[in-house]
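Thank you all for coming; I would like to walk through one model this morning, and I will give the cut-offs as the terms come up. Please have a look at it first.

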Amino acid sequence: MNVLLVEDDDAIAEPLVKGLERQGYVVHRESTGLGAVAAFHSHSSVDIILLDLGLPDIDGYEVCRRVRADSMVPIIILTARGDEIDRVLGLELGADDYMVKPFGFRELIARMNAVTRRSNASGTIKDDITKLTGEVILDNRTRKVTVHDKDIQLTRKEFDLLALLASDAGATQTRETILEQVWDAHWYGPTKTLDVHVASLRKKLGDPTIIETVRGVGFRLRSNTEDDSAS
Ligand code: CA
């Protein structure tokens, strides 16, 4: 699991990085808010963000807002400020959980497990591994997609969209269903977002025909004649 740790205080960050690495996490640390946003956008495989609020440039709230503009990656806010206003604001901006410093390492791991489990459970797919074509494999458990055995970096929404289509290959998913399931049950924004994600997926998968447009209705995954999905 890839962790983006955003913390400017070395005395907190360094032992945390060591501890997480010892637990098998891959940790990328940033000590500024802008650095964190840039790192997040260039590493779309980030599985969770641990976010300090007091940062030298833009604060953790702003980082949260910018990340949430296009991603539902789990975010746990780490802060020394324990008052209720911070708590509400952090959660309103879309953070998944909140820890007040100093916190115990075990508790942090438990919370990290809880928020990632929760976010994975919101998916709709039961099978772990789906073979989309001979070369494209989607793994729901690790949320990774490989093409010719190489990891493809998808954003959270791109993955969720592909996983939804893969849950019933060949079946058309209407635009409404996709927006409801992948974005939000109450999505009233421009549906162009969906087309942008489909275009990006086609490009990343290296095969524009994998996702077929059903004009005026929605999208479907090109059906795979040889469906040997395994779990
Ligand atoms: Ca700080």
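Which residue in β12 does Val214 stand opposite? The residue opposite Val214 is Gly218.

Before I go further, a word on the source: this is a predicted model, in which local features need pLDDT of at least 70 and side-chain atom pairs count only at pLDDT 80 or more, while totals for chains, interfaces and linings use all residues. Residues are numbered from 1 along each chain as its sequence is written, and side-chain values use heavy atoms, with hydrogens and water left out.

Helices and strands here are DSSP runs numbered from the N terminus, helices being H or I of at least four residues and strands E of at least two. Two strands pair if DSSP finds at least two bridges between them, and β11 (211-214) is joined to β12 (residues 218-221) by four bridges, the two running antiparallel. Together with β10 they form an open sheet of three strands in the order β10-β12-β11, with β10 (172-174) and β11 as the edge strands, each pairing on one side only.

Let me turn to β3. Both of its faces are covered, with Ile48, Leu50 and Asp52 on one side and Ile49 and Leu51 on the other all buried, where buried means under 20% relative accessible area, exposed over 50% and partly exposed in between, with a 1.4 Å probe and protein chains only. In a regular strand the side chains alternate between the two faces of the sheet. β3 runs parallel to β1, with four bridges between them, and Leu50 in β3 is the bridge partner of Leu5. On β4 (residues 75-79), too, β3 pairs in the parallel sense over four bridges, and there Asp52 has Leu78 as its bridge partner.
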